[in-house]
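Hi,

Here is the structure I promised to pass along. Have a look at it first, and then read on for what turned up.

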Amino acid sequence: MTVIAKSGWVMAARTGRAALAAVIGHPVAHSLSPAIHEYWLQERGIDGAYIPLAVAGDDFTKAVSFLMRAGFRGCNVTIPHKETAFRLCDVPDEAAQRAGAVNTLWFEAGRVHGANTDGYGFIRNLSGSGFDPAGKKIIVLGAGGAARAIVMTLGDAKAGAIVIVNRTGEKAAALVDACCRYGVPCQASGQGMLARELDDCHLLINTTPCGMADREAFELDLSPMPDGAAVCDIVYTPLMTPLLREAKGRGLTVIDGLGMLLHQAAPGFARWFGVMPEVTPGLRNHVVALLPS
Ligand code: NAP
């Protein structure tokens, strides 16, 4: 049975047997994950639902336990619960263990399984944009949770050399230590060395919140970067960040952060709803229309 929603969308009606998933965060109202998963549910005509749950602090563990008992298939986890989610996992996947954080949970036989799909989403977006990191020199701005997942995955993709540049040097050094333990070829460099590092850099990635609509942006001179190099910003509000605008003006390849967000969602959907969804131009247009202008 189908119903016509107010928006004009044709929605599959949910039955008492609907497969259920959620996203838990605090705040969660800004999350685009419900729009992504509801799009795929409708596209595939699946009897399922994906619900945003604003859960703060200590209530997170109780909320996950409740979802499991209530028959949910699993959930996404966002700020500030990704590290707590990792600790409560019975079975974290390899990416989660390397990141020390989880963004996707699913329940099997009373056990909590967890994955970190940020690196997967990043690398799928990168390859979809035609960039192969193998053998390349890559500079990563930032040393937080997203940077950790991305650097580890770039190691898997055989990046030639990764340079991490962070406001707080100690955090960059700690990330280098963690990644080197997994054999990822990376080193830290000071912000003052950035101009020199850029002149043989094939890919520059911003993993900090700088450039978000309500934040200051990096003021970087990209002129030393070689022709044919690429710049990726994992910030996606706005889609065209000041850094990407500068890169476009310089004639470099520009990769925005929305593709990472869309791709990181796919493995969770497959776990909960049994079908690996596709990241299509239709999905992207649907989500772009929801971004704040
Ligand atoms: P995080 O763990 O808090 O790390 C933030 C990093 O940014 C830290 O290295 C921090 O440096 C640096 N930073 C923060 N403010 C800065 C400033 N004003 N100047 C210079 N550096 C600054 O955050 P995260 O989880 O990695 O997320 C980072 C960003 O990525 C967020 O905007 C998030 O929304 C976005 N993100 C996007 C996706 C996607 O799918 N596109 C996925 C995950 C995250 P210090 O170490 O010096 O504090």
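Before the details, one definition: helices here are DSSP runs of H or I with at least four residues, numbered from the N terminus. Please also keep in mind that this is a predicted model.

Let me start with helix 1, which covers residues 33-44. From its first C-alpha to its last, this twelve-residue helix reaches 17 Å, close to the 16 Å expected at 1.5 Å a residue. Ten of the twelve residues are buried, so helix 1 is largely enclosed by the rest of the structure. Among the buried ones are Pro34, Ile36, His37, Glu38 and Trp40. Just after helix 1 comes Gly45, with a positive phi of about 60°.

Next, the second largest pocket, which has a volume of about 210 Å³. Helix 5 (118-128), helix 10 (258-273) and helix 11 (281-288) are the elements that each give two or more residues to its lining. The lining has 13 residues, and Asn125, Gly259, His263, Val279 and Arg284 lie nearest the centre of the pocket. By type, the lining residues divide into four nonpolar, six polar and three charged.

Arg284 turns up again in a salt bridge with Asp256, at 2.6 Å from N to O. This pair links distant parts of the chain: Arg284 sits in helix 11, while Asp256 is in the loop between strand 14 and helix 10, 28 residues apart. Asp256 is buried, with a relative accessible area of 17%, whereas Arg284 counts as partly exposed at 27%.

The structure holds nine salt bridges, and a few others may interest you:

- Asp227 pairs with Arg250, their closest N and O atoms being 3.3 Å apart. Asp227 belongs to the loop between strand 12 (203-206) and strand 13 (230-233), and Arg250 to the loop between helix 9 (242-249) and strand 14 (253-255), 23 residues away. Asp227 is exposed at 70% relative accessibility, and Arg250 is partly exposed at 23%.
- Asp59 and Lys62 meet through their side chains in a salt bridge of 3.3 Å, N to O. The two are three residues apart in helix 2 (residues 59-69), so about one helical turn separates them. Asp59 is partly exposed, at 41% relative accessible area, and Lys62 is exposed, at 56%.
- Lys137, Glu197 and Asp200 are linked in a network of salt bridges.

Happy browsing, and do write back with any questions.

Best wishes

How values were computed: Residues are numbered from 1 along each chain as its sequence is written. This is a predicted model: local features need pLDDT of at least 70, side-chain atom pairs count only at pLDDT 80 or more; totals for chains, interfaces and linings use all residues. Side-chain values use heavy atoms; hydrogens and water are left out. The expected span of a helix is 1.5 Å times one less than its number of residues. Buried means under 20% relative accessible area, exposed over 50%, partly exposed in between (1.4 Å probe, protein chains only). On a 1 Å grid over the protein atoms alone, a cavity is a set of points where a 1.4 Å probe fits but cannot get out, and a pocket is an open set with protein on both sides within 12 Å along at least five of seven lines; lining residues have an atom within 4 Å of a point. Grid points are joined across faces, edges and corners, and a volume is the space filled by probe spheres set on the points. Ala, Val, Leu, Ile, Met, Phe, Trp, Tyr, Cys and Pro count as nonpolar, Asp, Glu, Lys and Arg as charged, and the others, Gly among them, as polar. A salt bridge is a side-chain nitrogen of Lys or Arg within 4 Å of a carboxyl oxygen of Asp or Glu.
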